[in-house]
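Subject: Structure handover

Hello,

Here is the structure I promised you. Please open it next to this email and follow along.

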Amino acid sequence: MIDLHIHSTCSDGLFTINEILHMASEIGCEIISLVDHNTCAAYKCIQDNVGVYKGKIISGCEFNTYVLGIPVELLGYDFDVNTMHNFIKKMYPFTQDQIHKIQLELFAKKCKKNSVKINEEILFEESSPLSSSSMFDSIHCYPQNSRFFKSIEDFEDRKNFYRKYLSDPNSTFYCNLEQIYPSSFEIINAIKSCNGKVFIPHIYEYKNNAMSILEYFTRNYEIDGIEAYYSKFSIKQRKMITMYADSHGLLKSGGSDFHHGKTIHIGTGKGDLNISVKMLGKWVLNARDYNAVWEKGILYE
């Protein structure tokens with residue numbers, strides 16, 4: 001069993017590296033990758049927990065960026081962690097708290113401009129770690145705001161508000177933070193400079209923009225692979241994206257996108273995810289193992 005999409009407390013996950021390594025061992029995961037957002041901190045923690053997990057660990061990171069004016073993510077794998085850490089410090093100068101504040105203020109201005117009524121007490125509540133959740137809750141308490149949504153179902157759908165509305169340039173609620181994130185070119189160049197591989201993750205999460213994003217990336221950038229096996233993909237979607245990867249000569253990756261363990265679990269995803277080496281190919285066998293060999297000295301300067 002393989003899981004190349006796991007998040008920890010180093011970014012927005014609920015479990016520590018030690019807890020994740022124990023869980024991966026218990027379920028028999030043979031190969032894993034920690035892909036926390038815009039950080040390689042997990043690999044310092046892994047170094048401090050040598051021996052907890054006996055399987056293979058491929059270096060990884062999920063990078064936030066923009067393409068076609070849409071906020072997207074890119075996955076980097078099998079890169080040199082030390083070099084990548086230094087790239088990340090330069091590419092992501094803003095803290096998550098700073099980004100959160102900028103996004104909330106931009107959202108409030110957009111709502112005022114478009115006559116959307118909001119509850120500012122909810123919007124600027126200090127305890128809320130997710131900007132998109134605060135935004136949705138601040139407008140959902142006013143039924144008249146349903147007119148800004150494509151359907152009543154969307155107005156009741158807190159989970160998809162970020163992808164379908166905040167991230168869509170055609171939406172009333174679209175918040176463009178492109179200037180504070182590195183460009184796709186910068187991220188891809190950094191991954192390649194660290195001898196890593198670039199993958200496009202969870203493409204169908206981008207809803208109506210999915211295929212335009214996929215085509216743009218594969219036509220304009222040096223992409224190595226696609227995340228073909230993902231917890232939220234339907235059987236049809238898995239088949240379609242696998243065929244796309246094969247027809248375009250791209251590698252395949254896969255993972256649960258584990259965060260909190262409530263509905264999606266390490267290795268099995270929603271229960272039917274069981275990724276093997278045969279499904280992904282030899283690149284996972286040839287990738288460096290950060291659990292077996294550690295460079296001497298301090299990982300981060």
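Which residues does I213 touch, not counting residues up to four places away in sequence? Keep that in mind while you find your way around. Note that this is a predicted model.

**I213 and its surroundings**

Start with the answer. I213 touches V67, L68, I70, V72, I203 and Y206. I213 itself lies in helix α10. Its relative accessible area is 0%, so I213 is buried. Now look for I200. In sequence, I213 and I200 are 13 residues apart. In space, their C-alpha atoms are 9.6 Å apart.

**The five-strand sheet**

Helix α10 covers residues 210–220. The helix lies across β4, β5, β6 (197–200) and β7 (225–230). Against β5, α10 runs at about 50°.

Those strands belong to an open sheet of five, in the order β4-β5-β6-β7-β8. The pairing is mixed. At the edges are β4 (60–67) and β8 (251–255), and each of them pairs on one side only. From one strand to the next, the twist averages 40°.

**A closer look at β4**

How many bridges pair β4 with β5? There are eight, and the pairing is antiparallel. Strand β5 covers residues 70–77.

Together, β4 and β5 form a hairpin, with two residues between them. L68 sits in the turn and has a positive phi of about 55°. L68 is also one of the residues that I213 touches.

Is β4 enclosed or open? Eight of its eight residues are buried, so β4 is largely enclosed by the rest of the structure. In a regular strand, side chains alternate between the two faces of the sheet. Follow both faces of β4. G60, E62, N64 and Y66 are buried on one side. C61, F63, T65 and V67 are buried on the other.

**Two loop residues to check**

H202 has a positive phi of about 25°, although H202 is not a glycine. You will find H202 in the loop between β6 and α10. With a relative accessible area of 2%, H202 is buried.

D257 also has a positive phi, of about 65°, and is not a glycine. D257 is in the loop between β8 and α12 (277–280). At 13% relative accessibility, D257 counts as buried.

**The three-strand sheet**

Now go to the three strands in the order β1-β2-β3. They form an open sheet with parallel pairing. Strands β1 (2–6) and β3 (56–57) stand at the edges. Each has a single partner strand, so one side of each is left without a neighbour in the sheet.

Three bridges join β1 to β2, which covers residues 31–34. D3 has I32 in β2 as its bridge partner. Helix α1 (residues 17–27) lies across β1, β2 and β3. To β2, α1 runs at about 160°.

**Two helices side by side**

At what angle do α3 and α9 pack? The angle is about 160°, and their axes are 10 Å apart. Helix α3 covers residues 81–91, and helix α9 covers residues 184–193. An angle over 145 degrees counts as roughly antiparallel. The two helices are therefore roughly antiparallel to each other. The crossing of α3 past α9 is right-handed.

Here is who meets whom. From α3 come M84, F87 and M91. From α9 come E186, I187, A190, I191 and S193. These contact residues divide into six nonpolar, one polar and one charged.

**A covered helix**

Finish with α6, residues 131–140. Is this helix mostly covered or mostly open? Mostly covered: seven of its ten residues are buried. They are S131, S133, S134, M135, F136, S138 and I139. What covers them includes α4 (96–113), α5 (120–123), α7 (152–155) and α8 (161–166).

Best wishes

Notes:
Residues numbered from 1 in each chain as written. Predicted model: local features only at pLDDT ≥ 70, side-chain atom pairs only at ≥ 80, totals over all residues. Heavy atoms only, no water. Axes fitted to C-alpha atoms, helices over the stretch in contact; angles between N-to-C directions. Helix = DSSP H or I, 4+ residues; strand = E, 2+ residues; numbered from the N terminus. Parallel < 35°, antiparallel > 145°, perpendicular 65-115°, else oblique. Left-handed = near helix turned anticlockwise from the far one by under 90°. Contact = heavy atoms within 4.5 Å. Nonpolar A, V, L, I, M, F, W, Y, C, P; charged D, E, K, R; others polar. Pairing = 2+ DSSP bridges. Buried < 20%, exposed > 50% of the residue type's maximum accessible area, 1.4 Å probe, protein only.
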